[in-house]
Amino acid sequence: MEYVHSVWNYIASVCSCLHCAEDVGAQNIEPNERTHLLVDPVNHSPALRRSNSDGLSNDYPTHFPKKMTKRHYLDLYRIQQCLLKDVPSHQFYITKPIYAKDTLQMKLFIEKALIGVNQIQIDHKEAVVVPFQIP
Amino acid sequence: METQLEKVLSDIVTQPDTVGALLANRQGLCLGAKGDINPNVSGIGMAISDQVAGLEPRNAVAQPEARHPTICLYSGNRRCVIQRNGEITGVIYKQHTSVPTSD
C-alpha cells in the first residue's frame, strides 16, 4: 500500500513539475508579480522551490523512485486496470431487442383503445345533485 | 358504454402469446383489464411510461413518436410491453412460447 502511495505521489510530482515548467516559460516572456519571488534566494518556502524536480526529490528522497523501471510501469498498469474494472460497460445491458411484432401489436392496441375511450359517454338520466330533505 | 373498450381488450388477449392486457388513464387508474394481469399494476405501468418518455425530451420535439416510447421488460419467459399514447397507457403481458422473428 505504501508503495502504491509512493508511485502515486511520483506521478503527482511529475504533473506538478510540468505545470510549473509551463509557468516559468510564460514568466520569461512576460514578467509578472511572481517573477521576483521565484528568483529571490532569501525565500526558502517549499511551495515556491517546487519549480524544479531535483529540489523536490531532495526534499522527499525516500518517497519517489529515481527512475521509472519496467516494474514501476507494470505496477501503474495494474493500478489502472483495478480502477477501470468497476466501470460498467453498456454491452452488458443491451441483451435483448424489442420485437417488431410487439411494437406493432401495441400500436394497434393503443389506437383502437383510444377510439374506444373517446366513445365513452355518460348519460345522466337522473339528477346528479339530490337536495337534502332538511325538515 | 365501454363495450368498445371491452372488445378491444378481448381481441388483444386472443392473439398468440398474449396472456393479459390492461389500459390505464392519465392518473394511472385502470380503465379495463383482461386475462392474466393484475389491474393494480395500472399505476406502475403509467409511471414507467411517464418516466421513460422523459429520458430524451430533445427527441420528443423532433420526432413526435418519440414521446410515446415502447418499453419491453423481460422477466423469465414473460415480457411486459408498455406504451403511452396521450391520455392512455397500454400494458400487455406476453408469454414466450416460441422464438418470434425479430427484424
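In the predicted model, helix 2 of chain B (residues 42-53) comprises 12 residues and spans 17 Å from its first C-alpha to its last, close to the 16 Å expected at 1.5 Å a residue. The buried residues of helix 2 of chain B are B:S42, B:G45, B:M46 and B:S49. Viewed down the axis of helix 2 of chain B, these buried residues fall within an arc of 95°, and they therefore line one face of the helix. The packing partners of the buried residues of helix 2 lie in chain B, namely strand 1, strand 2, strand 3 (70-75), strand 4 (78-85) and strand 5.

Helix 1 of chain B (residues 3-13) has B:L5, B:V8, B:L9 and B:I12 as its buried residues. Because the buried residues of helix 1 of chain B fall within an arc of 95° when seen down the helix axis, they line one face of the helix. The face of helix 1 turned away from this buried side carries the exposed residues B:T3 and B:K7. The buried residues of helix 1 of chain B pack against elements of both chains: helix 6 (100-118) of chain A, and strand 1 (18-24), strand 2 (30-35) and strand 5 (88-95) of chain B.

Two antiparallel strand pairs of chain B were examined. Strand 1 and strand 2 of chain B run antiparallel and are joined by 5 bridges. Within this pair, B:A24 has B:C30 of strand 2 as its bridge partner. The hairpin formed by strand 1 and strand 2 of chain B has 5 residues between the strands, and B:G28 adopts a positive phi near 85°. Strand 3 and strand 4 of chain B are likewise paired in the antiparallel sense, over 6 bridges. In this second pair, B:C72 stands opposite B:V81 of strand 4 of chain B. The hairpin of strand 3 and strand 4 of chain B has 2 residues between its strands, and B:G76 in the turn shows a positive phi of about 65°.

The contact between the chains takes 24 residues from chain B and 20 residues from chain A. On the side of chain B that touches chain A, two or more residues each are given by helix 1, strand 1, strand 3, strand 4 and strand 5 of chain B. The residues of chain B on this side divide into 13 nonpolar, 7 polar and 4 charged.

How values were computed. Residues are numbered from 1 along each chain as its sequence is written. Chains are lettered from A and ligands numbered from 1 in the order in which they are written. This is a predicted model: local features need pLDDT of at least 70, side-chain atom pairs count only at pLDDT 80 or more; totals for chains, interfaces and linings use all residues. A residue is buried if 20 or more other C-beta atoms lie within 10 Å of its own, exposed if 12 or fewer, and partly exposed in between; C-beta atoms are placed from the backbone. Helices (H or I, at least four residues) and strands (E, at least two) are DSSP runs, numbered from the N terminus. The arc is that of the directions from the helix axis to the C-beta atoms. Two residues are in contact if their C-beta atoms, placed from the backbone, lie within 7 Å. The expected span of a helix is 1.5 Å times one less than its number of residues. Ala, Val, Leu, Ile, Met, Phe, Trp, Tyr, Cys and Pro count as nonpolar, Asp, Glu, Lys and Arg as charged, and the others, Gly among them, as polar. Two strands pair if DSSP finds at least two bridges between them.
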